[in-house]
Amino acid sequence: MASASATLLKSSPIINKSEWIKGQNLRQPSVCVIRCHPTSAALTIRASSYADELVKTAKTIASPGRGILAMDESNATCGKRLDSIGLENTEANRQAYRTLLVSAPGLGEYISGAILFEETLYQSTVDGKKMVDVLVEQNIVPGIKVDKGLVPLPGSNNESWCQGLDGLSSRTAAYYQQGARFAKWRTVVSIPNGPSALAVKEAAWGLARYAAISQDSGLVPIVEPEILLDGEHGIDRTFEVAQKVWAEVFFYLAENNVLFEGILLKPSMVTPGAECKEKATPQQVADYTLKLLHRRIPPAVPGIMFLSGGQSEVEATLNLNAMNQSPNPWHVSFSYARALQNTCLKTWGGRPENVKAAQDALLTRAKANSLAQLGKYTGEGESEEAKKGMFVKGYVY
């Protein structure tokens, strides 16, 4: 068993761009059975033939000074963003905005992966170039949102569960052929509503099944049980719930034979509820969050890519920076949507003449978070816009 583990877990070089390009032949997963003596029980280890590639992809995304741009908003959510700047929610406007994001010059210096909505994965830029190709040229790994959204969970305390497992195997295989190399599945846990044991177990099991299916298709799964900011609870309550959630998640990941070296995590930072009167400093957020990670996350996991969850752009960056003031067993970085895009979107305003200024705003935020990943962010010279909180009660992604 030792030699089998060593082969599976050995260090791999950074993935080459050419390995992301679509059109590779799909490979079938294999199963190896290792019998442990003197007992007669058989331990089955599922070792997908994609194992080496999964490890390479995860390491590439979790590379120093880089993080993930989450631009996988559904068409409905993207429409809300466009509406905020007075634009109609049309495919052409969504295409124009996403073209602005992926083509920002030098973005790959700070961004290692970009999560796309299905429309974007198959979409071309306004110049007729495939979005996936533009990302690869920037040394950015294309990813894909694969869940089908949240729906009410019967038998729970007004909680929700994430749908999308039906047909996931065929969809992830097609996404791999289109050029995607990692996937995202977001489910949520609400503290004001419990969380109930049923909701936590459903979230953990769904994430584990999704992760196993994604790895079977060659996609690195981002595991994201978001603990919502909604509520008046203090930071200790968030910590308590997060411990419970992450214990359950990793139990079911192991039950589903998920390769830990081939996943990435996208957790919430441990913060007080958004409506709590006692606010936490970046150092307090870092202390609680790192304590949680050390208690629950195996060091085999290559990257922890935090979500911003409605924090202001500056707040999310300061908290990330505080977590990187000393070495960690994992790459501690970011997977931000609003905390990278907010100022960029408002700067653009739907006007072609503002594209460069909007891209500069995106690069400013990307660079700030790159510095935070390295523990070198100072917060100097930040705009007032970047300091505005973006929490929306009951936010639907």
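1. The structure is a predicted model. A search of the whole of it finds 12 salt bridges. One of them joins Glu53 and Arg181, whose closest N and O atoms are 3.5 Å apart. This pair links distant parts of the chain, since Glu53 belongs to helix α2 (residues 51-61) and Arg181 to the loop between α7 (168-178) and β8 (182-189), 128 residues apart. Glu53 is buried at 7% relative accessible area, and Arg181 is buried at 0%.

2. Arg181 also has an aromatic contact: it lies over the face of Tyr176, at 3.7 Å from the ring centre. A further charge over a ring is that of Lys291, which lies over the face of Phe239 at 4.9 Å from the ring centre.

3. Another salt bridge pairs Arg237 with Glu240, the closest N and O atoms being 3.2 Å apart. Both residues are in helix α9 (residues 235-255); because they are 3 residues apart there, about one helical turn separates them. Arg237 is partly exposed, with a relative accessible area of 27%, and Glu240 is likewise partly exposed, at 43%.

4. Salt bridges with shared partners join Asp72, Lys184 and Glu224 into one network. Arg351 and Glu353 form a salt bridge with closest N and O atoms 3.9 Å apart; here Glu353 is exposed, with a relative accessible area of 59%.

5. Turning to the rings, the count of aromatic pairs is 9. Among them, Tyr97 and Trp348 are stacked, at 5.5 Å centre to centre and 20 degrees between the planes. This pair too links distant parts of the chain: Tyr97 is in helix α4 (residues 91-102) and Trp348 in helix α12 (residues 338-348), 251 residues apart. Tyr97 is buried, with a relative accessible area of 4%, as is Trp348, at 5%.

6. The rings of Phe334 and Tyr336 have centres 5.5 Å apart and planes at 40 degrees, so this pair is tilted. Phe334 is buried at 0% relative accessible area, and Tyr336 is buried at 0%. Elsewhere, ring pairs link Trp205, Phe251 and Tyr252 into a cluster.

7. How many cavities of 30 Å³ or more does the whole structure contain? The search finds 4. Of its 15 lining residues, Ile227, Leu229, Ser268, Met269 and Thr271 are the closest to the centre. The lining of this second largest cavity comprises 7 nonpolar and 8 polar residues, and no charged ones.

Note on methods: Residues are numbered from 1 along each chain as its sequence is written. This is a predicted model: local features need pLDDT of at least 70, side-chain atom pairs count only at pLDDT 80 or more; totals for chains, interfaces and linings use all residues. Side-chain values use heavy atoms; hydrogens and water are left out. On a 1 Å grid over the protein atoms alone, a cavity is a set of points where a 1.4 Å probe fits but cannot get out, and a pocket is an open set with protein on both sides within 12 Å along at least five of seven lines; lining residues have an atom within 4 Å of a point. Grid points are joined across faces, edges and corners, and a volume is the space filled by probe spheres set on the points. Ala, Val, Leu, Ile, Met, Phe, Trp, Tyr, Cys and Pro count as nonpolar, Asp, Glu, Lys and Arg as charged, and the others, Gly among them, as polar. Rings of Phe, Tyr and Trp (its six-membered ring) pair if their centres lie within 6.5 Å; planes under 30 degrees apart count as stacked, over 60 as edge-to-face and the rest as tilted. Helices (H or I, at least four residues) and strands (E, at least two) are DSSP runs, numbered from the N terminus. Buried means under 20% relative accessible area, exposed over 50%, partly exposed in between (1.4 Å probe, protein chains only). A charge sits over a ring if NZ of Lys or CZ of Arg is within 6 Å of the ring centre and within 35 degrees of the ring normal. A salt bridge is a side-chain nitrogen of Lys or Arg within 4 Å of a carboxyl oxygen of Asp or Glu.
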